[in-house]
Amino acid sequence: MNLKLIRTKKGKESTLSELYFEGKFVGYGLEDAVRETKIKGSTAIPSGKYRLGFNTYGAMNARYRKRFPELHRGMIEILDIPNFSYVYIHIGNNIGDTSGCVLVGNKMAFVDGDYEIYQSKKAYVALYEKLVEMMLKGEVWINIVPLSPAQGELLFLDKK
């Protein structure tokens, strides 16, 4: 089972993606800027394929459990990213909400040089339901596809 995040545009400090689940468009993704050298909490995830898992501890998990008591089974965490930890797929609208995570939404806009996404809660709930169902059956992976060189993403990131 696969989720694919295809990076399509970059802003001053943001990266916009299209998100596909089992080949079907399910919304937009928003991350921080792709950087050659990682800045904690302000750098997009390195392109690659990563396994998804449930994170059932921590403050964010507690907030989502309270907000979605019938739905929540744990935060969807993107696992085993070199030099990254606690990277989730979650609700948010702009890069101020990401802290290195992937935000999801149904609509997007370009505002003051950066991308924003909207209808995030609706997109999150729909995606979360699909991911939970698949994750309970077996492994689910996310493939993060880089921007093409013409779009300006650095294809090789410093792993330090």
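**Terms and their grounds**

Tutor: Asp 80 is found in the loop between β5 and β6, where strands (E, at least two residues) and helices (H or I, at least four) are DSSP runs numbered from the N terminus. The model is predicted, so local features need pLDDT of at least 70, side-chain atom pairs count only at pLDDT 80 or more, and totals for chains, interfaces and linings use all residues. Residues are numbered from 1 along each chain as its sequence is written, and side-chain values use heavy atoms, without hydrogens and water.

Student: Why is Asp 80 called exposed?

Tutor: Its relative accessible area is 64%. Exposed means over 50%, buried under 20%, and partly exposed in between (1.4 Å probe, protein chains only); Asp 80 is therefore exposed.

Student: What is the phi of Asp 80?

Tutor: Asp 80 has a positive phi of about 60° although it is not a glycine. Most residues other than glycine have a negative phi.

Student: Why is Tyr 86 called partly exposed?

Tutor: Tyr 86, in the loop between β5 and β6, has a relative accessible area of 45%, so it is partly exposed.

Student: Which residues of helix α1 are buried?

Tutor: In α1 (residues 59-67), Met 60, Asn 61 and Tyr 64 are buried. Seen down the axis, the buried residues fall within an arc of 100°, so they line one face of the helix; the arc is that of the directions from the helix axis to the C-beta atoms. Ala 59, Arg 63 and Lys 66 are exposed on the other side of α1.
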